[in-house]
Amino acid sequence: MTTSRRVVSLNLSAKNHTPWTAADLPSLAGRTVVVTGATSGLGAVTAKELARVGAHVVLAVRDPARGERLAATLTGGTEVRPLDLADLSSVRAFARAWDRPLDVLVNNAGVMAIPEARCGTSPSSSPRSASPRRRRATETGEGAR
């Protein structure tokens, strides 16, 4: 099976510049797109516009109830799957459950300002801090400011 790929090049020079908008999206009929963090902000708008142009959009979200509410407002094919990027068991479960080709992954969700935690189940797991500043503050006993 041959897969065609489209490369989109944007010329952002001021001369002869035409602004790009979501109206310029090509048809994505038959394509599957995963959007992480799709329940609000840029993720929600991205999911809406990709569904509008025919993509099957998988809303990968921490709160499936919020994802279902958003999916009900979108046109086209959508589905909601739980995914909490701060929880590695959730990431593993999402990946294990994936059973079809994926055409586009929109990594919109971010993990930031999370409290120090241990990764994995081993007691010897390394601490994970939200930022170098918080890590330094924790190591020196000053507390995060």
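R52 and E49 both sit in helix α1, 3 residues apart, about one turn of the helix. Helices here are DSSP runs of H or I with at least four residues, strands are E runs of at least two, and both are numbered from the N terminus. R52 forms a salt bridge with E49, and their closest N and O atoms are 2.5 Å apart. A salt bridge is a side-chain nitrogen of Lys or Arg within 4 Å of a carboxyl oxygen of Asp or Glu. Side chains of opposite charge can pair when their charged atoms come close.

R52 is partly exposed, at 42% relative accessible area. E49 counts as buried, at 16%. The cut-offs are under 20% relative accessible area for buried, over 50% for exposed, and partly exposed in between (1.4 Å probe, protein chains only).

## Model and conventions

This is a predicted model: local features need pLDDT of at least 70, side-chain atom pairs count only at pLDDT 80 or more, and totals for chains, interfaces and linings use all residues. Residues are numbered from 1 along each chain as its sequence is written, and side-chain values use heavy atoms, with hydrogens and water left out.

## The chain as a whole

The protein chain has 4 helices and 6 strands. From the N terminus on, the order is β-α-β-α-β-α-β-β-β-α. Of the 145 residues in the chain, 24% are buried.

The chain exposes about 10,200 Å², and carbon and sulfur atoms supply 54% of that area. Accessible areas come from the Shrake-Rupley method with a 1.4 Å probe; for residues, only the protein chains shown count as cover. Take the contacts in the chain with a separation of 6 or more: residues 24 or more positions apart account for 44% of them. Contact means heavy atoms within 4.5 Å.

β1 runs parallel to strand β2 (residues 56-61), joined by 5 bridges. V34 stands opposite V58 in β2. β1 also runs parallel to strand β4 (residues 104-106), here with 3 bridges. V35 stands opposite V106 in β4. Strands pair if DSSP finds at least two bridges between them.

β1, helix α1 (residues 41-52) and β2 make a right-handed β-α-β unit. Right-handed means that, with the strands pointing away from the viewer, the path from the first strand over the helix to the second runs clockwise.

A55 lies in the loop between α1 and β2. A55 counts as buried, at 0% relative accessibility. Leaving out residues up to four places away in sequence, A55 touches L28, A29, R31, V33, L50 and G77. A55 and T75 are 20 residues apart in sequence; their C-alpha atoms are 9.9 Å apart in space.

## A salt-bridge network

The structure holds 6 salt bridges. In one of them, the side chains of E79 and R81 meet at 2.9 Å, N to O. R81 is buried, with a relative accessible area of 13%.

D99 forms a salt bridge with R100, with the closest N and O atoms 3.9 Å apart. D99 counts as exposed, at 62% relative accessibility. R100 is partly exposed, at 27%. Salt bridges that share partners join E79, R81, D99 and R100 into one network.
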